Amino acid sequence: MNKKKKTLLIGAVVLVLLIGAMLALLFTQPKDDADTSSALSAEEEDVYLYQEEENSLKSLQVTNETGTYSLEQVGEQKWGITALDDYKTDSEAYTDTAERYTQLAAKQKLLDKVTDKAKYGLDNPSGTGVATFNNGTTHTVTVGDMTPDEAGYYAMVDGDEALYIITVANAQKLQQSQLAYLNMTIIEGYDTEDSEAIPTIEGMTIERKDLDYKVVMEKAQQTGDDETQMYASTLQMVSPVECDLDSQHADEEIILPLFGLTAEEAVALDAEAVKSQYGFDDPT
């Protein structure tokens, strides 16, 4: 047998032996190892700080650096904040908070007993919530510092010495001000797929701090030129000069995007009282 054939034969024998060893390991694997997936599933089961009956939250008193306010039950599966009664609010935000704090889930239970609350920011909480239920039960939740990976916050609940990590979303419910429940829509939107829903703009005036004149636009007069109409804006500039406007630039990029305009955050209920603080006494 020449050297080349001998090498191929040895390689084939080694390959067969390796396949046989692999099959033997697969069929003789201990049963405990096969059950590893179920053990992992058990570890991944939800951990709760507490669980109460659905829709049974009567009130949630929140205290943080912005002050103290209470979310109260105002009807079946409805909650609200008295101070916001005269304002447009976000009903879904109320419901979301109520559901989260009726059955408060944790990302994980970190310690069975906390010996140093200061280490986790729980000696000076970033938020505290007192949840009261229709059956008379009360749970007080305190939120401390954010975890090093910024994926959650340390938290504790009264009557339990354990340390939990709750989600950022759950923590923020006790860290935000009552203004977070306001409806952040400034100008209502419309269905862009419905041509009949597109708003009709009668006019628009723009004033800017860096201009000594106003830009005034009025509804454009219809012309008999179909090609011109195709590209013309629904508005026509009348000041500081008279001219036609391009529909893509004026309508699609400047005017229509204002519809559906929403705020990132609300900072005060009484805008008039803080207008100078936010530059509204001298608008840009």
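Two strands are said to pair if DSSP finds at least two bridges between them, and the helices (H or I, at least four residues) and strands (E, at least two) are themselves DSSP runs, numbered from the N terminus. The model described here is a predicted one, in which local features need pLDDT of at least 70 and side-chain atom pairs count only at pLDDT 80 or more, while totals for chains, interfaces and linings use all residues. Residues are numbered from 1 along each chain as its sequence is written, and side-chain values use heavy atoms, with hydrogens and water left out.

With these terms in hand, we can begin with an open sheet of eight strands, which follow the order β4-β3-β2-β7-β8-β9-β10-β6 with antiparallel pairing. At its edges stand β4 (78–80) and β6 (108–111), each of which pairs on one side only. From one strand to the next the twist averages 30°, where axes are lines fitted to C-alpha atoms, for helices over the stretch in contact, and angles run from 0 to 180 degrees between N-to-C directions. Within this sheet, β9 (residues 152–157) and β10 (residues 163–167) run antiparallel and are joined by four bridges, and Y153 stands opposite I166 in β10.

Helix α4 (residues 91–100) lies across β2, β3, β4 and β10 and runs at about 105° to β4, whereas helix α5 (residues 168–175) lies across β2, β3, β7, β8, β9 and β10 and runs at about 90° to β10.

Another open sheet is formed by four strands in the order β11-β12-β13-β14, and here too the pairing is antiparallel. Because β11 (203–206) and β14 (243–246) stand at the edges with a single partner strand each, one side of each is left without a neighbour in the sheet. Four bridges join β11 to β12 (residues 215–219), and the bridge partner of M204 in β12 is M217. Helix α7 (residues 247–255) lies across β11, β13 and β14, at about 60° to β14. This helix holds D251, which is buried, with a relative accessible area of 10%; buried means under 20% relative accessible area, exposed over 50% and partly exposed in between (1.4 Å probe, protein chains only).

We turn next to the side chains. In soluble globular proteins, nonpolar side chains tend to be buried together. A nonpolar core is a set of buried Ala, Val, Leu, Ile, Met, Phe, Trp, Tyr and Cys residues joined through side-chain atoms within 4.5 Å. The largest one has 32 residues, and those touching the most other members are L49, Y50, L60, Y101, V141, I166 and Y181. A second, separate core of nine residues includes M217, L235, L245 and I255.

Finally, rings of Phe, Tyr and Trp (its six-membered ring) pair if their centres lie within 6.5 Å, and planes under 30 degrees apart count as stacked, over 60 as edge-to-face and the rest as tilted. By this rule there are four aromatic pairs. The rings of Y50 and F133 have centres 6.1 Å apart and planes at 75°, so this pair is edge-to-face. Since Y50 lies in strand β1 (residues 47–51) and F133 in strand β7, the pair ties together parts that are 83 residues apart in sequence. The rings of Y94 and Y181, by contrast, have centres 5.0 Å apart and planes at 10°, so they are stacked. This pair links helix α4, which holds Y94, to the loop between α5 and β11, which holds Y181, 87 residues apart.

Methods:
Contact means heavy atoms within 4.5 Å.
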